[in-house]
Amino acid sequence: MSIYYIHQSQKRCIGCRACEIHCKTENDVPVGPRFCAIVPVGPKVVENVPRMNFIFMPCFHCENPWCVSACPTGAMQKRAKDGIVFVEPSLCVGCKSCITACPWGVPQWNRDTGRVFKCDYCRHRVDEGLEPACVTGCTTKALKWITPDMASLDKREKFAREIAENLPY
Amino acid sequence: MKKFVYTTCEMCTGRCPLMVEVLDGEVKHIWGNPHVQGGQQCCPRGAAAKALLSDNERPQHPLIRDGERGSGKWRQASWDEAYDYIADRLKTAKEKYGAKSILLSDRGGPMTEFERTFLAAIGSPNYFNHHATCSNSVHNAHMSIAGHARNSVDYDYENCKYMVLFGRNIYESIKTTEAKTVMDMQEAGGKMVCVDVRWNYTAAKSDKFFIIRPGTDYALTLALIHQIIKDNLYDPDFVNRWVLGFDEIKRFTIPYTPEWAEKETGIPAKEIIRIAHEAGEAKPAVIFHPGWMTSWFSNDYYLRRAIYTLNALMGSYETKGGIYINKKPGEVGLKYRTLIGQIPKVKEERFDGVGTKFPHLSDQWGLAQMLPHAILNEDPYPIKAYIVMRHDPLASLPDPDLMKKAFAKLDLLVSIDINYSETGWFSDVILPESTFLERTDHVYVRSGSGLTPHLTLIRQAVKPRFDTKGRGEIFKALADRMGVGQFFPYNSPEELVAWQLEGSGYTIESFDATGVIEPSKEQIWYDRKDGIKFNTPSGKIELISSMLEKHNIPSFIPYESPPKPAEGSFRLVTSKVAVHTQGRTTANIGILNELYSENHLWMNTEEARKLGISDGDTVEVSVEGYAKKIGAKLTDHIHPEVVFMLHGFGDTVPLRTKSFGKGVSDIRLQRGLLKTAVGGNCPLTECVVAVKKTAA
Ligand code: SF4
Ligand code: SF4
Ligand code: SF4
């Protein structure tokens, strides 16, 4: 896994898909392929209210990326400094092995170039000290750009608070 | 080189503050303006404005009709030729029939000054906008009860503790900052109750959701008023000081008990009582949201008045977490000039009956639905020319065929738009406007800036891609030809801004750093004891409206139960999703179109089963012999009397290849509903359609 992580608050996400549009706009992704996708799941009735989940699916930038192992030309690479997985277009021959290999079908086919392209956590922005476009543009601030350590800490803190609330004194 | 240009979004009518990232003269990205919003968040439509800019399927130069109206035959014209063509016909109309024979409509909102100034300058009173199918009833209701326009108040969501939504789909019909702030409110523990005829994403995020029988919201509000008064849950200080007609409303609502309302609405009496009590506990930080896309029923006016009554009872005016009156720039010592402010109001009789036939309605937004009647019957006088400024009556009002018949009688129909609208397709001349990324408009007061009034504008980020022009240039050129050029005292947008800000101590550069001129960040709240400015004759909230009484119109009316549609028939309800506007701006944008290119008919699973309809089947939806095929989607979470489809589909303009012919147009099904209800709205939800299974 890269040193970064995009955390999505299910509570805050309203399924508006601004994240998808910001991603397309920032990375000039044409109609068809999607670097990230919101997958709406539901409704499921919980205490009389039909609830929704909107699952945000970018690339996970795996620690041992299936896509990189499957790539015969070395086009799919993992960046040493931070673990961002990206495609070097000049090396991609369009064999689509990575699309097959990735368990979540993350790499996308670019019809215009006959090559694969994919979410690279907007590394051009990250390198400028900015956050990925989907995170910056998210309508309700449901997405957070954090390190996995922070994600873990956040979760533990939230859990601890909940436990504390229910503890009898 | 990278630079940031601060501007205002024009993808929908929300007009969010934007920050455009420009890289080497090209738009790289469109973000929310962080200086105003506290972050760069921006809804999908705003973010897709870059795709609008690069879209080639929009008018690229002036076009003059070269065949029958609506034949789609055009010839390219120069701007001068197009201006002359229009001005010649306007002059003829004015000479023969008077300036009032010329009409102009737009989408409404804060950037309407050029067209309103032009119309007033040539001497016509006939400005109106699209609100007949949107906010008219809520607007007119608030004018009668508080003396304020619908949008001269706003909501302090951030501090709200309890909000009740009557069909206001806050998380799908989104305005960026509103959606974000309501989410903040929920995260901070504020409770949200959603009342709607169908489940939607707002319902999914609410603490409580009730499916209400369509047309019975008024029963719910009456029962809430009843219970709030009965159990002393109102704010007595506020009511004593600011509310007229409390005793009358108390008496009037005595029969409307929660138990009675349960039978009408389908919402359990104990839940109605609970809402009354929860609101009472949270008051005054309570919002009963009156909505705005509220063209529902003929009695809509009284529902909206009742919703505002609930707010008045809660004392939620001018309090943290409630409704506040938008403060004016003058209150922070900010002086600026407007074009429209230089012209006296035209006092002639209006074409739409506002002020005559409809003495109680506001002329601010007018009555678009009166168009065919006025044109076809020359009532009250002949209408000869109509300029449609980024408004599309043929795609947004019921009975487009009748509308076309009326338009055929005009000597001139002009469309000024960034898109090919359906009305544009039927007009004589299309003047292509530059998109908001390509032009600078006038300075205006940002709506939603009411606690810390500030000025902003639409500001050019890049040069126009095609031979298009800004509205400031277009109306100045037309005004020059009509001999009223003196009302447009500028030769460029920069000169106009300089003229507007002359003597204010500010210049156009004052917008460079943050996009706004905001003298103070300190919020202004009027004194709740003596300082609230209600613009009614009494200066108070008038539950019994002196204005209405004067015109012999009742201030409240007895509830009437709406008829149940016959077997196999349903009420057609429409709304929006986050990726599309109600207008035509987004439908043909590829990256938005691919998310929603077609609408479906949502219906109740059980009702569908009775008709032998399964999920995904093709159904025929019809009204009075007009029938369309559409895919059915089934859900348990919609009232059995309702079917639902998204508004804005069924595009008939062939040049818009992505949206052309996709989906079904709701307005074509809303037959015979081009009416003026007592609130000035079209009663769109009185549309009843028959649904049956059919071959694909
Ligand atoms: S493309 Fe798939 S396999 Fe490769 S890093 Fe992303 S999620 Fe992992
Ligand atoms: S990180 Fe960048 S490339 Fe990846 S999904 Fe988000 S916007 Fe798209
Ligand atoms: S932009 Fe934010 S709120 Fe909207 S769908 Fe994406 S993650 Fe959810």
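**Entry 1: Thr140(A) and the loop around it**

I began with Thr140(A) in this predicted model, and I found it in the loop between helix 5 (133-137) and strand 8 (143-146) of chain A. Is Thr140(A) buried or exposed? I noted a relative accessible area of 2% for Thr140(A), and because buried means under 20%, this residue counts as buried. I then looked up what Thr140(A) touches, leaving aside its neighbours within four places in sequence, and I listed Arg12(A), Cys13(A) and Ile14(A) from chain A together with Ala179(B), Lys180(B) and Met183(B) from chain B.

In that loop between helix 5 and strand 8 I also came across Lys141(A), which has a positive phi of about 60 degrees although it is not a glycine. Lys141(A) has a relative accessibility of 29%, so I wrote it down as partly exposed.

Which residues surround ligand 2? I listed Cys23(A), Asn27(A), Phe35(A), Cys36(A), Cys119(A), Asp120(A), Tyr121(A), Cys122(A), Pro132(A), Ala133(A) and Cys134(A). Helix 1 (18-27) and helix 5 of chain A each supply at least two residues of this shell, and by class the shell around ligand 2 has nine nonpolar, one polar and one charged residues.

**Entry 2: chain A as a whole**

I next stepped back to chain A, whose secondary structure comes to six helices and eight strands. Reading along the sequence, I wrote the pattern as β-α-β-β-α-β-β-α-β-β-α-α-β-α. The C-alpha trace of chain A spans about 65 × 35 × 30 Å along its principal axes, and 47% of its 169 residues count as buried. Among the contacts in chain A with a separation of 6 or more, 53% are between residues 24 or more positions apart.

I found Asp28(A) in the loop between helix 1 and strand 2 of chain A, and its phi is near 50 degrees, a positive value in a residue other than glycine. Asp28(A) has a relative accessible area of 52%, and because exposed means over 50%, I counted this residue as exposed.

In chain B I noted that the peptide bond from Lys283(B) to Pro284(B) is cis, with omega near 5 degrees; Pro284(B) lies in the loop between helix 13 (269-282) and strand 13 (286-289) of chain B.

**Entry 3: the three-stranded sheet of chain B**

I then followed an open sheet in chain B, in which three strands stand in the order 1-2-3 with antiparallel pairing. The edge strands are strand 1 (2-8) and strand 3 (26-32), each of which pairs on one side only, and the twist averages 25 degrees from one strand to the next.

Strands 2 and 3 of chain B form a hairpin with two residues between them, and Asp24(B) in the turn has a positive phi of about 50 degrees. Six of the seven residues of strand 2 of chain B are buried, so I described this strand as largely enclosed by the rest of the structure.

**Entry 4: helix 14 of chain B**

Last, I checked the length of helix 14 (residues 300-314) of chain B: at 1.5 Å a residue its 15 residues should span 21 Å, and because its end C-alpha atoms are 21 Å apart, the two values agree. Helix 14 of chain B is mostly covered, with 15 of its 15 residues buried, and Gly315(B), which follows this helix, has a positive phi near 65 degrees.

Note on methods:
Residues are numbered from 1 along each chain as its sequence is written. Chains are lettered from A and ligands numbered from 1 in the order in which they are written. This is a predicted model: local features need pLDDT of at least 70, side-chain atom pairs count only at pLDDT 80 or more; totals for chains, interfaces and linings use all residues. Side-chain values use heavy atoms; hydrogens and water are left out. Two strands pair if DSSP finds at least two bridges between them. Helices (H or I, at least four residues) and strands (E, at least two) are DSSP runs, numbered from the N terminus. Axes are lines fitted to C-alpha atoms, for helices over the stretch in contact, and angles run from 0 to 180 degrees between N-to-C directions. Buried means under 20% relative accessible area, exposed over 50%, partly exposed in between (1.4 Å probe, protein chains only). Contact means heavy atoms within 4.5 Å. The expected span of a helix is 1.5 Å times one less than its number of residues. A residue is near a molecule or strand if one of its heavy atoms lies within 4 Å of it. Ala, Val, Leu, Ile, Met, Phe, Trp, Tyr, Cys and Pro count as nonpolar, Asp, Glu, Lys and Arg as charged, and the others, Gly among them, as polar.
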